[in-house]
Amino acid sequence: MTTRVSVELVPRSRSGLRAELEVVAQHLPAVDTVNIPDLTRYSTRSWQGCALARPRYRAIPHVRSVDLNPREPLAMAQTLDAAGIDEVLIITGDAPADMSARVYDVDAVGAIRRFRRELPHVRVYAGLDPYRQSFARERDYLERKLDAGACGFFTQPFFDLRLMDAYADLIPGGAEMWWGATTVLTESTLNYWRARNHAVFPRTFEPTLAWNRRFAAQMLAFARERDHHAYFMPVKADVREYLEGIV
């Protein structure tokens, strides 16, 4: 399998997203895919952002299961078909900050089943979170997602190759893997990842661009050695400064 490389871009605005896509096209030649989160505080939904990336890139929108009204058609189906988008990433999704926003009691497993039933031509990825529960429980959760129809997983960003190696041994055979890395460049961001996501950092970690670039290169090599895929999440960092010369 050829290793695919994706950049996760936040759709803060359509003009901003188009500008970032141009930077990726000009300076990051190994990138062939764009994945876009669905953040309810922005007006551009993930599938709309992915449509802007087509046809230059393969595009993978994030879909929050808690947003899927079980009594209405899938809101993104028409956009996916019109843009030729045939992959999605389904996550559960956090409760919205705006308590007036409507959410539904739909978990990721149920959403995967629905996509496979209603949009059988769309390949569905699920999430892998190495920080939320024990190895055994996460492995069992991955199995349930595969049984529901997922073809593989996007990980939460890792910061330690040793932990990645441990999880690589847990992945059920045949699952398609996307390993993730992100930028942590300030002490406040480091504290956020530790407190909110319970992320594991090695003792050698430094919140510097140089450390993050070294790890990005190591993570990409890790994925290529296993014929897996890699995605990079610049967040607020300049995507060119973060990844130029690496991808």
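Accessible areas here come from the Shrake-Rupley method with a 1.4 Å probe, and for residues only the protein chains shown count as cover. On that basis the protein chain exposes about 11,800 Å². Carbon and sulfur atoms supply 48% of that area.

Ground rules next. This is a predicted model, where local features need pLDDT of at least 70 and side-chain atom pairs count only at pLDDT 80 or more, while totals for chains, interfaces and linings use all residues. Residues are numbered from 1 along each chain as its sequence is written, and side-chain values use heavy atoms, with hydrogens and water left out.

Overall build. The chain has nine helices and eight strands. Those are DSSP runs, helices being H or I with at least four residues and strands E with at least two, numbered from the N terminus. The C-alpha trace spans about 50 × 45 × 40 Å along its principal axes. The radius of gyration, taken over C-alpha atoms, is compared with a globule rule of 2.2 Å times the number of residues to the power 0.38. For 247 residues, a compact globule would come out near 18 Å; this chain has 17 Å, which agrees.

Now contacts, meaning heavy atoms within 4.5 Å. Take those between residues at least 6 apart in sequence: 78% join residues at least 24 apart.

How much of the chain is buried? Buried residues make up 53% of the 247. Buried means under 20% relative accessible area, exposed over 50%, and partly exposed in between, with a 1.4 Å probe and protein chains only.

Inside, then. A nonpolar core is a set of buried Ala, Val, Leu, Ile, Met, Phe, Trp, Tyr and Cys residues joined through side-chain atoms within 4.5 Å. The largest one has 84 residues. Those with the most contacts inside it are Ile90, Phe115, Trp179, Phe232, Leu243 and Val247. Helix α8, residues 209–225, gives the most to this core: seven residues. Look at Phe115. Setting aside neighbours within four places in sequence, its contacts include Val63, Leu74, Met76, Ile90 and Val124.

Asn35 lies in strand β2. Asn35 is buried, because its relative accessible area is 0%. What does its side chain pair with? Ser6, for one, through a side-chain polar contact of 2.6 Å. His62 is another side-chain partner, at 3.1 Å. A polar contact is a pair of N or O atoms within 3.5 Å; within protein, one must be able to donate a hydrogen and the other to accept it, and residues adjacent in sequence count only if both atoms are side-chain atoms. Beyond four places in sequence, Asn35 also touches residues including Ile60, Phe154 and Tyr231.

Last, charges. A salt bridge is a side-chain nitrogen of Lys or Arg within 4 Å of a carboxyl oxygen of Asp or Glu. How many salt bridges are in the whole structure? The search finds 16. Asp67 and Arg45 make one, at 3.6 Å from N to O. That pair links distant parts of the chain, 22 residues apart. Asp67 sits in the loop between β3 (58–64) and α3 (77–83), and Arg45 in the loop between β2 (33–36) and α2 (46–53). Asp67 is partly exposed at 22%, and Arg45 is partly exposed at 25%. Arg240 and Glu244 meet at 2.9 Å, N to O. Salt bridges that share partners also join Arg4, Arg58, Glu87, Arg123 and Glu176 into one network.
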